[in-house]
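Me: I'm new to this structure and would like to learn how to read its helices. Could we go through them together?

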Amino acid sequence: MIGELLFKTVVASIGISIFAVIFGLIFKGIDRKLVARMQMRVGPPIRQPFLDVVKLMSKETIVPENAIKWMYNLAPIVCLASSIIILLYIPIGGFKPLLGGHGDIILVIYLFILPALAMVAGGFASGSPFATVGAQREMVTMMSYEFPLAVVIIAVAWKLSQIGGDVFSLQFISSHPIWAEIGLLGLIGTLVLLLALIIVTPGEVAKIPFDVAEAETEIAHGLLVEYSGRNLALFYIADAVRTFAMASLVVAIFFPYSLSGLININGINENITYVIDFLFFLLKVFLVMLFSITLVRAGMARLRITQVVSVYWITVTLLALFGLVLLMWDTQFNIRWW
């Protein structure tokens with residue numbers, strides 16, 4: 001029994017890994033194409049990320065002479081593995097998370113730190129001064145966005161605690177949309193929290209304007225300056241998977257609705273319902289990435305590291321705390337908007 005369960009878990013994990021890599025790269029290709037069009041360029045084909053991975057895998061992997069070799073080679077593996085593990089705790093396309101359980105939302109917050117820490121370790125291990133500067137910037141950025149992210153999660157969990165249940169479980173949060181539990185002040189507060197999480201998203205996945213750790217024009221690609229071949233391909237794939245995982249987390253917390261539930265599909269084969277909900281999930285992930293990453297990347301320039309810190313520690317943190325306060329007031333005054 002235990003062996004069968006373990007076998008199914010391993011097979012499902014492999015399936016989710018393949019799914020995450022494929023769709024992560026597809027969304028990466030779509031993002032690059034849309035940004036190019038917005039900037040009046042032709043841009044690469046959507047399949048370009050797959051071509052990049054194949055090319056990098058075929059290249060020689062060069063290890064710098066002064067690098068700490070075992071850490072240098074281990075960092076991209078840990079980065080990719082931890083990015084995939086995150087998806088094992090997030091409800092995807094109407095399916096329950098593979099490893100969901102009590103307190104998994106807290107675990108997910110910590111798991112999102114691991115890819116960044118792996119990149120920091122790889123940067124320091126490469127022995128390059130550019131990578132060292134990039135690693136220092138990544139650590140500062142990571143410490144900046146974690147607090148507002150935690151505030152958003154705690155605010156949602158606190159509001160849902162009023163209906164009882166395991167509020168720190170992502171499955172519970174996605175099964176009980178917060179929009180159905182709030183009044184007018186809570187609606188405003190939830191929108192503020194959503195805005196804060198949208199601003200955190202590009203920082204979490206190191207995209208413009210918060211990609212100071214990998215600034216090509218300033219520190220020659222920073223963290224990854226010494227990486228090549230297979231190792232660089234693993235970091236490239238991990239970036240796509242982590243971006244997909246972050247967008248999936250936003251969907252699970254704020255937009256967990258299924259299309260079959262919204263339009264009340266009855267009399268349709270259950271397998272068709274799963275397909276419809278899965279495609280609807282991919283659409284929601286794409287829209288989250290469009291508004292939190294693509295549009296921002298197309299219309300903004302890179303911030304300085306001091307600006308990154310001030311935006312997250314002051315502006316976004318105060319925004320998240322304001323949303324939390326509005327949720328608290330919503331409980332006291334109970335002004336309905338529906």
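Me: How are H6 and H8 oriented to each other, roughly parallel or roughly antiparallel?

Reply: Helices here are DSSP runs of H or I with at least four residues, and strands are runs of E with at least two, numbered from the N terminus. Axes are lines fitted to C-alpha atoms, for helices over the stretch in contact, with angles from 0 to 180 degrees between N-to-C directions. Angles under 35 degrees count as roughly parallel, over 145 as roughly antiparallel, 65 to 115 as roughly perpendicular and the rest as oblique. In this predicted model, local features need pLDDT of at least 70 and side-chain atom pairs pLDDT 80 or more, while totals for chains, interfaces and linings use all residues. Residues are numbered from 1 along each chain as its sequence is written, and side-chain values use heavy atoms, leaving out hydrogens and water. The axes of H6 (residues 129-160) and H8 (residues 184-204) cross at roughly 150 degrees and come within 10 Å, so the two helices are roughly antiparallel.

Me: Which residues of H6 and H8 make the contact?

Reply: Contact means heavy atoms within 4.5 Å. On H6 the residues include Tyr-145, Leu-149 and Val-152, and on H8 they include Leu-193, Leu-197 and Val-200. For classes, Ala, Val, Leu, Ile, Met, Phe, Trp, Tyr, Cys and Pro count as nonpolar, Asp, Glu, Lys and Arg as charged, and the others, Gly among them, as polar. This contact has 9 nonpolar, 2 polar and 2 charged residues.

Me: What about H6 and H10: at roughly what angle do their axes cross?

Reply: The axes of H6 and H10 cross at roughly 25 degrees and come within 11 Å, which makes H6 roughly parallel to H10. Leu-149, Val-152, Ile-153 and Val-156 of H6 meet Met-246, Ile-253 and Phe-254 of H10. By class, those residues are 7 nonpolar, no polar and no charged.

Me: How many residues of H10 are buried?

Reply: Buried means under 20% relative accessible area, exposed over 50%, and partly exposed in between, with a 1.4 Å probe and protein chains only. In H10, 24 of the 26 residues are buried, leaving the helix mostly covered.

Me: And is Phe-291 buried or exposed?

Reply: Phe-291 has 53% relative accessibility, so this residue counts as exposed. Phe-291 sits in helix H12 (residues 270-299). Setting aside neighbours within four places in sequence, Phe-291 is in contact with Ile-198 and Val-296. Phe-291 and Ile-198 are 93 residues apart along the chain, yet their C-alpha atoms are separated by 7.9 Å.
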